[in-house]
Amino acid sequence: MQPVVNTPKKSDVAAIRGIRFGQLWRREWQVKQQGAVQWLYPLVLFLMIITLFPLAVGSEPQLLQRLAVSAVWIAALLSLVMGVDGLFKPALDNGTLAQLVVAKASIPLWVLIRLAIHWIFSSGIVAVLSLLAVPLFQLSWFEAGILMASIVAGSPMLLMLSAIASSLTLSLKNGAVLVPLIALPMQLPVLIFATGAVDLFATGLNGLPILALLLAGSIMSVLLMPWVIAQTLKMAWLN
């Protein structure tokens, strides 16, 4: 008589994976809330740039409207790059990454959760704050809405590129200085396409294909980049 082997049901496997995902999400969410001062710095930088820019350029409405999209996007890009130097360094220093590797946890899933939470506290808030371009740069609500949509569509790709730069410089002594130098050249095409899409809408043309291209690039980055970053983090931990 053959022994009966109890194979787990699909629902049980899904529940186990859900618990692991929930635990990782709660932990990273708590860690992010505890470091509130750190993620507030990029937001303050964004607000300072878009607030001081009209004061430096002047109050001419047409000039402000022409420069609004570029100014907001540059501020969003700089604030995003500023906040990525501490994405994985604390996890390497305090042993969190080592525990995940030893426990054979899903490093790509952890990377994805960590980046998703970082996006919520950085680019997600920046996308909402970009509506300040209406009173500061005298943009219309339609243009401000398209600007916010472009940030939502393109910022995940920017974050993934910055995360790759952060993981590559993780084992270096002064790696935080190199992160912007590595990330910015890769992010410039995203900046050009995003500002171009908003300008097309402002002139009455259809910029939806460019926004769709940005969104497709962000989706591909979210699906593929966590695996690349996970392998880079493992190599940094071994070194």
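These legends describe close-up views of a predicted model. Local features need pLDDT of at least 70, side-chain atom pairs count only at pLDDT 80 or more, and totals for chains, interfaces and linings use all residues. Residues are numbered from 1 along each chain as its sequence is written, and side-chain values use heavy atoms, without hydrogens and water.

**View 1. Helix H10, residues 208-238.** Helices are DSSP runs of H or I with at least four residues, numbered from the N terminus. H10 has 31 residues, so at 1.5 Å a residue the span should be 45 Å. The expected span is 1.5 Å times one less than the number of residues. The end C-alpha atoms of H10 are 45 Å apart, which agrees. A kink of about 35° lies at Leu224, shortly before the proline Pro226. The bend is the angle between axes fitted to the seven residues ending at a residue and the seven starting there. Buried residues of H10 include Leu211, Leu214, Ser218, Pro226, Ile229 and Leu233. Buried means under 20% relative accessible area, with a 1.4 Å probe and protein chains only.

**View 2. The largest cavity.** A cavity is a set of points on a 1 Å grid over the protein atoms alone where a 1.4 Å probe fits but cannot get out; lining residues have an atom within 4 Å of a point. The count is two cavities of 30 Å³ or more. The largest holds about 50 Å³. Volume is the space filled by probe spheres set on the points, which are joined across faces, edges and corners. Trp73, Ala76, Leu77, Leu80, Ser123, Val126, Ile151, Ser155 and Leu158 form the lining. H3 gives the largest share, four residues. By class, seven are nonpolar, two polar and none charged. Ala, Val, Leu, Ile, Met, Phe, Trp, Tyr, Cys and Pro count as nonpolar; Asp, Glu, Lys and Arg as charged; the others, Gly among them, as polar.

**View 3. The second largest cavity.** Its volume is about 30 Å³. The lining consists of Pro42, Leu43, Ala76, Ser79, Leu80, Ser122, Ser123 and Val126. Helix H2 (36-57), H3 and H6 each give two or more residues to this lining. Five lining residues are nonpolar, three polar and none charged.

**View 4. Ser150 in helix H8.** Ser150 has 0% relative accessibility and therefore counts as buried. A polar atom of the Ser150 side chain lies 2.6 Å from the backbone oxygen of Leu147.

Methods. Buried < 20%, exposed > 50% of the residue type's maximum accessible area, 1.4 Å probe, protein only. 1 Å grid on protein atoms, 1.4 Å probe; cavity = no way out; pocket = protein on both sides within 12 Å on 5 of 7 lines; lining within 4 Å. Polar contact = N/O pair within 3.5 Å; in protein donor to acceptor, adjacent residues only side chain to side chain.
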